[in-house]
Amino acid sequence: MRKTVILITGVNGEIGHGLVRSLHKEGVTNLIGVDLNMPDEYVQERTQDCLVGNILDKNLLERINAQYEIEAIYHMAALLSTRAEFSPVIAHEVNVDGTLNLLDLAMEQAQSRGKPVKFFFPSSIAVYGLPSLSEKSEAGAIHEDDYRYPQTMYGCNKLYCESLGDYYGYYYKRLSATDSKGLVDFRAIRFPGIISAQTLPAGGTSDYAPEMIHAAAKGEHYDCFVREDATIPFMTMTDAILAIELLMAAPQNTLTQTVYNIKAFNPSAGEFFTKLKEYFPEADVKFVINDNRQSIIDSWPADVNDDQARQDWGWSAIHDLDKAFSDYLIPEIRSRYEHS
Ligand code: AKB
């Protein structure tokens with residue numbers, strides 16, 4: 001008998017960590033993880049098995065397929081936007097081919113179980129591309145169907161993978177005699193920048209906000225690579241995990257779309273710094289603009305409309321900017337660096 005498990009790819013990454021923490025707290029004991037590097041002890045202790053390997057390695061996925069019965073996949077492995085711009089072809093392989101491999105695994109599993117496999121895909125505000133700053137400010141909170149003209153490899157990858165998810169969910173091999181509709185239960189969220197108190201991101205363009213606050217807590221200088229007026233939406237890791245759990249728990253018949261915007265707060269980099277100084281008056285931040293990374297942030301929306309997520313699966317963020325600092329970031333980051 002194969003063991004029934006929940007698979008998390010990129011388990012050692014920021015959201016992977018957050019998911020393991022939260023699912024384990026809720027009593028989920030059948031997690032398995034895949035990552036390029038051996039996950040740290042925290043993750044190892046809370047998972048049944050951790051496999052070190054590449055999601056592009058078909059032998060690895062074959063082994064997982066043979067050994068386990070998978071009820072859900074949280075596919076978090078990806079190269080983020082800044083890293084992807086340095087190695088666009090590798091990014092395409094990991095972000096697109098890797099996702100295709102995982103969708104294929106989900107389909108094989110669902111066919112052999114005769115039951116749907118839930119598939120969570122973290123998409124991003126990077127799928128949007130605003131042509132100019134004036135249009136960005138006029139556009140306001142943009143809907144899921146607006147401005148899908150990504151300007152980064154990462155954004156292109158995410159947008160295409162959303163379509164792949166729809167294909168596997170609704171149209172897979174539509175010319176064959178077997179009906180596979182609904183076997184892959186694909187659900188996606190377009191995340192804003194995420195700020196975690198426990199971990200630091202690697203290779204993203206929204207990294208300036210988490211980097212600024214972690215540097216302040218460590219008493220280190222930080223060169224912020226975007227202008228003070230640079231504005232995109234952000235949320236705490238707590239809210240990002242909450243959103244994944246709410247969406248994955250929602251009955252399929254309540255979902256009117258496969259891809260959802262969500263939001264919490266959207267300060268400019270300067271407003272974020274002002275808030276930070278309430279807690280760390282000595283915070284030493286200089287705005288040293290990297291024009292290329294700035295242009296990516298300028299192409300992302302300042303705000304998104306998340307009405308559909310609110311309506312369909314009861315989305316509502318716990319933390320606005322004030323609460324993010326007072327109830328989550330400051331207490332947890334302080335205790336993290338005090339104890340390290
Ligand atoms: C990135 O900056 O690449 C990510 C994202 C917004 O998807 N954090």
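Q: Which residues point one way from β7, and which the other way?
A: In this predicted model, V184, F186, A188 and R190 point one way from β7, while D185, R187, I189 and F191 point the other way. Every one of these residues is buried.

Q: What stretch does β7 span, and how many of its residues are buried?
A: Strand β7 covers residues 184-191, and eight of its eight residues are buried. The strand is thus described as mostly covered.

Q: Which way does β5 run relative to β7, parallel or antiparallel?
A: Strand β5, residues 117-124, runs parallel to β7, and eight bridges join the two.

Q: Which β7 residue is the bridge partner of F119?
A: The partner of F119 in β7 is F186. F186 is on the side of β7 that also carries V184, A188 and R190.

Q: And how many bridges pair β7 with β11?
A: Three bridges pair β7 with strand β11, residues 259-261, in the parallel sense.

Q: Changing topic to helices: at what angle do α5 and α7 pack?
A: Helix α5 (residues 88-113) and helix α7 (residues 153-171) pack at an angle of about 15°, and their axes are 10 Å apart. Angles under 35 degrees count as roughly parallel, so α5 and α7 are roughly parallel to each other.

Q: What is the hand of that crossing, left or right?
A: The crossing of α5 past α7 is right-handed.

Q: Which residues meet there?
A: From α5 the list includes P88, A91, H92, N95 and V96, and from α7 it includes M153, Y154, N157, Y160 and C161. Further along the list are L103, D104 and M107 in α5, and L164, G165 and Y168 in α7.

Q: How many disulfides are there?
A: The count is zero disulfides.

Q: Is C156 buried or partly exposed, and what about C50?
A: C156 counts as partly exposed, at 36% relative accessibility. C50 is buried, with a relative accessible area of 13%.

Q: Last topic: where is Q294, and which residues is it in contact with?
A: Q294 lies in helix α11, residues 291-299. At 3% relative accessibility, Q294 counts as buried, because the cut-off for buried is under 20%. Leaving aside neighbours within four places in sequence, Q294 is in contact with V226, R227, A230 and I289.

Notes
Residues numbered from 1 in each chain as written. Predicted model: local features only at pLDDT ≥ 70, side-chain atom pairs only at ≥ 80, totals over all residues. Heavy atoms only, no water. Disulfide = S-S within 2.5 Å. Buried < 20%, exposed > 50% of the residue type's maximum accessible area, 1.4 Å probe, protein only. Helix = DSSP H or I, 4+ residues; strand = E, 2+ residues; numbered from the N terminus. Contact = heavy atoms within 4.5 Å. Pairing = 2+ DSSP bridges. Axes fitted to C-alpha atoms, helices over the stretch in contact; angles between N-to-C directions. Parallel < 35°, antiparallel > 145°, perpendicular 65-115°, else oblique. Left-handed = near helix turned anticlockwise from the far one by under 90°.
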